[in-house]
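Here are my notes for you on this one, written as a walk through the parts I'd look at. Keep the viewer open and turn the chains as you read.

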Amino acid sequence: MPRTFVCDPGPRGAPMRFDDVLDAIGDTPLVGLPSLSPPGVRIWAKLEGQNPTGSLKDRIAKAMVEAAEDSGELTPGRTILEPTSGNTGIALAMVARRKGYGLTVVIPDNASEERIRLLELFGAEIVLSPGDKGTNGSIEIARRLAGDDRYYMPFQYGNPANPRAHEEGTGEEIVRDLPEITHFVAGLGTTGTLMGTGRFLREHVPGVQIVAAEPRYGEGVYALRNIDEGFVPELYDPDVLTTRYSVGSFDAVQRNRELVQVEGIFAGISTGAILHAALGMAAKARKAGERADIAFVVCDAGWKYLSTGAYAGSLDEAEDALEGQLWA
Amino acid sequence: MARVKLPTILRPHAGGERAVDADGTTLRELLEDLESRYPGITQMVLTDDGALHRFVNVYVNDEDVRYLGSLETEVDPKDTVSILPAVAGGR
């Protein structure tokens, strides 16, 4: 029997008025994909692009800054410093602006033009790191700069406020809106989304699968001189996951195009990778004759990536265009 | 024989090849076969006590083996095995 997406819309007129943009972070819509969901399976997209700066990073930026204010690590006059390929920097820029802090971001020089422009618009000081060293390179430089006392570095890759924001926000919202969830799929970057949301879901939903979609970049990003140059975020606990997929740019772009052309959702490229993993889990469930309710994260919309070349031309041309870029 | 995609750091052991073929019904056997064909190639993949190095990720058909059977993951001749060093994700 086909499963539908019809659900009780709930009381009309839920409050949507907030004192401040920071209070409007989170509580994002969970939207069904009736056309992309195979029979017997329902796929749901959590639209994190509906956050104020347009990405899920608003959640962790607010959480990390407020945690540091509470602990006394961040005091008036200090400047926030962070290695970021864009979205976290943009989110921190909004929070810093509202709370009156300066912000310096270290960003790889091959991040998309739109991300750099947005950071400048928010008044962030930008330090560029070598694009061919990827995020590893920006972390290296940020750690060096952080030795200076005027900086406070939240360090999203190791800050427990990062997954906590997802535990208390993303995870709670999903269980409220989709208590019958069977799979949660998100991107693996700092690992905060998967660790926080994953832990919450595993505590509240027996048997739930926590699935990571790890973006697979061009070769250059993996060209380490030795294995000990590798990096695993301090937040990462592999036991929280039940599956981890590596997804390349071709598949990510293909799914991205399906998402906009079939479901009318315009998303960033990392979302394509996450959707690819979600569809993989959907196919497995269908093959096993099991029902599935799969929630995946739409991290942001595609506006910041239009200049990458991924949204025009053939899939092969898009894949070539993304070679050497940190597209997630 | 399964196809094994190599990261830049391991290619010097395989004459610069980006991908090679190897035999084995499990990942463990496949890595042993790889080592016999290209001595030294698994030194950066396995630790001294034979476990997967924490800074190395291995995938069979794009799925991380740590969630399949780790070194006992079954490998089919039609499979693609990818080895990648762990790097910081974007964001």
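This is a predicted model: local features need pLDDT of at least 70, side-chain atom pairs count only at pLDDT 80 or more; totals for chains, interfaces and linings use all residues.

1. Let's begin in chain A with the four-stranded sheet. Its strands come in the order E5-E4-E3-E6, the sheet is open, and the pairing is parallel. Which strands stand at the edges? They are E5 (125-129) and E6 (151-152) of chain A, and each has a single partner strand, so one side of each has no neighbour in the sheet.

2. Now zoom in on one pair from that sheet. E3(A), residues 79-83, runs parallel to E6(A), and 2 bridges link them. Then look for helix H4 of chain A, residues 134-145, which lies across E3, E4 (102-108), E5 and E6 of that chain. Relative to E4(A), the H4 helix runs at about 145 degrees.

3. Further along chain A, find strand E8, residues 209-216. Is it buried or exposed? Of its 8 residues, 8 are buried, so E8(A) is largely enclosed by the rest of the structure. Its side chains are worth a look too: Gln209(A), Val211(A), Ala213(A) and Pro215(A) point one way, while Ile210(A), Ala212(A), Glu214(A) and Arg216(A) point the other way. Notice that Glu214(A) and Arg216(A) are among the buried ones. For a neighbour, E8(A) has strand E7 (183-187) of chain A, paired with it in the parallel sense over 5 bridges. Within that pairing, Ala186(A) has Ala212(A) as its bridge partner.

4. Next, the helices. Two packed helices are described by the angle between their axes and the distance between those axes. Take H7 (249-263) and H8 (269-287) of chain A: the angle is about 90 degrees and the axes are 7 Å apart. That makes H7(A) roughly perpendicular to H8(A). From H7(A), the residues in this contact are Asp251(A), Ala252(A), Val253(A), Arg255(A), Asn256(A) and Leu259(A). They meet a set in H8(A) that includes Ile269(A), Leu275(A), His276(A) and Leu279(A). By class, the contact between H7(A) and H8(A) has 7 nonpolar, 4 polar and 2 charged residues.

5. H7(A) also packs against H9(A), residues 315-322, this time at an angle of about 125 degrees and with the axes 9 Å apart. These two helices are therefore oblique to each other, and the crossing of H7(A) and H9(A) is right-handed. Which residues make the contact? On the H7(A) side they are Ser249(A), Phe250(A), Val253(A) and Gln254(A), and on the H9(A) side Leu315(A), Ala318(A), Glu319(A) and Leu322(A). The contact of H7(A) with H9(A) divides into 5 nonpolar, 2 polar and 1 charged.

6. Over to chain B, where strand E3 is mostly covered, with 5 of its 5 residues buried. Val56(B), Val58(B) and Val60(B) point one way from the strand, and Asn57(B) and Tyr59(B) the other. E3(B) pairs with E5(B) in the antiparallel sense over 5 bridges, and here Val60(B) stands opposite Val81(B). E3(B) is also antiparallel to E4(B), over 2 bridges, with Tyr59(B) opposite Asp64(B). In the hairpin of E3(B) and E4(B) there are 2 residues between the strands, and Asn61(B) takes a positive phi near 50 degrees.

7. Contrast that with Asp21(B), which sits in strand E2 (19-22) of chain B. Asp21(B) has 14 other C-beta atoms within 10 Å, so it counts as partly exposed. Leaving aside residues up to four places away in sequence, Asp21(B) touches Met1(B), Ala2(B) and Arg3(B).

8. Finally, how do the chains meet? In the model, 23 residues of chain B are in contact with 34 residues of chain A. On the chain B side, E3 (56-60), E4 (63-64) and E5 (80-85) each supply at least two residues. The largest share, 3 residues, comes from E5(B). By class, this side of chain B has 12 nonpolar, 5 polar and 6 charged residues.

Definitions and conventions. Residues are numbered from 1 along each chain as its sequence is written. Chains are lettered from A and ligands numbered from 1 in the order in which they are written. Axes are lines fitted to C-alpha atoms, for helices over the stretch in contact, and angles run from 0 to 180 degrees between N-to-C directions. Angles under 35 degrees count as roughly parallel, over 145 as roughly antiparallel, 65 to 115 as roughly perpendicular and the rest as oblique. A crossing is left-handed if the near helix is turned anticlockwise from the far one by less than a right angle, and right-handed if clockwise. Two residues are in contact if their C-beta atoms, placed from the backbone, lie within 7 Å. Ala, Val, Leu, Ile, Met, Phe, Trp, Tyr, Cys and Pro count as nonpolar, Asp, Glu, Lys and Arg as charged, and the others, Gly among them, as polar. Two strands pair if DSSP finds at least two bridges between them. A residue is buried if 20 or more other C-beta atoms lie within 10 Å of its own, exposed if 12 or fewer, and partly exposed in between; C-beta atoms are placed from the backbone.
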